[in-house]
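Welcome! Take a moment with the picture below, then read on.

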Amino acid sequence: SNNLKEASGFQHLSAICIDLPSNQLSYYRIFDTYEDAGGNYLLGYNTSDSSLDLFAISDGSFIGTYALDEEGPESIQDVVGLYVARPGIAWMATMTDFIIYNYLKGETIVRYPLASMNDKYSLAKYAYFFDNHGELVALNDSTVLIQGGFFPLYDGHSNLHLAALNVNNGAIK
């Protein structure tokens with residue numbers, strides 16, 4: 001808006017375009033960006049193919065796809081949040097689990113059930129990740145904010161519920 005242009009310290013940011021067909025735009029609602037060796041990357045959860053797809057932000061090029069196993073005890077389905085902890089390692093929240101996943105090797109490093117969280121506040125109903133694309137918010141290298149729910153009450157007051165998970169032991173606070 002014009003008001004933004006007049007604000008002090010405003011910088012013009014150039015757009016980076018990743019060329020996707022229009023029918024694929026909704027596939028990447030859950031993604032995270034990261035920097036590695038001077039380059040910037042976008043890792044997106046492809047809801048159609050159940051994969052993690054990697055793009056180079058600098059030139060908008062597609063780098064590769066990492067298929068997620070959809071069946072069996074190590075299956076990963078219904079991803080609702082994603083954070084790239086470091087290149088090759090993604091933290092993911094699904095409707096039922098928190099998963100630390102090596103997407104370069106296709107291996108689950110650790111999986112913590114979110115049953116205690118689902119008992120109190122259903123992730124399916126109240127999963128708000130502070131970004132509309134499902135980004136998990138890392139508070140530090142061992143704690144991730146996996147849920148923040150705002151609940152308006154009928155008496156005019158409201159509650160804000162936050163849930164953080166320790167990625168080292170699975171404890172939820």
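This is a predicted model: local features need pLDDT of at least 70, side-chain atom pairs count only at pLDDT 80 or more; totals for chains, interfaces and linings use all residues.

## How confident is the model?

The protein has an average pLDDT of 77, and 65% of the residues score at least 70; pLDDT is the predictor's confidence in each residue, from 0 to 100. Residues 1-8 have a pLDDT below 50, and this stretch has two contacts in the model beyond near neighbours in sequence. Contact here means heavy atoms within 4.5 Å. Residues 124-133 also have a pLDDT below 50, with 26 contacts in the model beyond near neighbours in sequence.

Residues are numbered from 1 along each chain as its sequence is written, and side-chain values use heavy atoms, with hydrogens and water left out.

## The overall layout

The secondary structure of the protein comes to three helices and 11 strands. Helices (H or I, at least four residues) and strands (E, at least two) are DSSP runs, numbered from the N terminus. Starting at the N terminus, the elements run α-β-β-β-β-β-β-β-β-α-α-β-β-β.

Of the 173 residues in the protein, 38% are buried. Buried means under 20% relative accessible area, exposed means over 50%, and partly exposed lies in between (1.4 Å probe, protein chains only). Among contacts between residues at least 6 apart in sequence, 34% join residues at least 24 apart.

## A sheet of four strands

In what order do the four strands of the open sheet lie? The order is S1-S2-S3-S4, with antiparallel pairing; two strands pair if DSSP finds at least two bridges between them. The edge strands, S1 (30-36) and S4 (61-67), each pair on one side only. On average, neighbouring strands of this sheet are turned by 20 degrees against each other, direction ignored. For such angles, axes are lines fitted to C-alpha atoms, for helices over the stretch in contact, and angles run from 0 to 180 degrees between N-to-C directions.

S1 and strand S2 (residues 39-46) are joined in the antiparallel sense over seven bridges. Asp36 stands opposite Gly39 in S2.

## Two buried residues in the sheet

Asn46 is found in strand S2, and Ser51 lies in strand S3 (residues 51-56). Asn46 counts as buried because its relative accessibility is 3%. Ser51 also counts as buried, at 3% relative accessibility.

Leaving aside neighbours within four places in sequence, Asn46 is in contact with Tyr27, Tyr28, Ser51 and Asp53. A polar atom of the Asn46 side chain lies 2.9 Å from the backbone nitrogen of Ser48. Ser51 and Tyr66 are 15 residues apart along the chain, yet 5.4 Å separates their C-alpha atoms.

## Aromatic rings

The structure holds five aromatic pairs. Rings of Phe, Tyr and Trp (its six-membered ring) pair if their centres lie within 6.5 Å; planes under 30 degrees apart count as stacked, over 60 as edge-to-face and the rest as tilted. One of the pairs is Trp91 with Phe98, edge-to-face at 6.2 Å centre to centre and 65 degrees between the planes.

Are Trp91 and Phe98 buried or exposed? Trp91 is buried, with a relative accessible area of 6%, and Phe98 is buried at 0%. Ring pairs link Tyr83, Trp91 and Phe98 into a cluster.

Key: A polar contact is a pair of N or O atoms within 3.5 Å; within protein, one must be able to donate a hydrogen and the other to accept it, and residues adjacent in sequence count only if both atoms are side-chain atoms.
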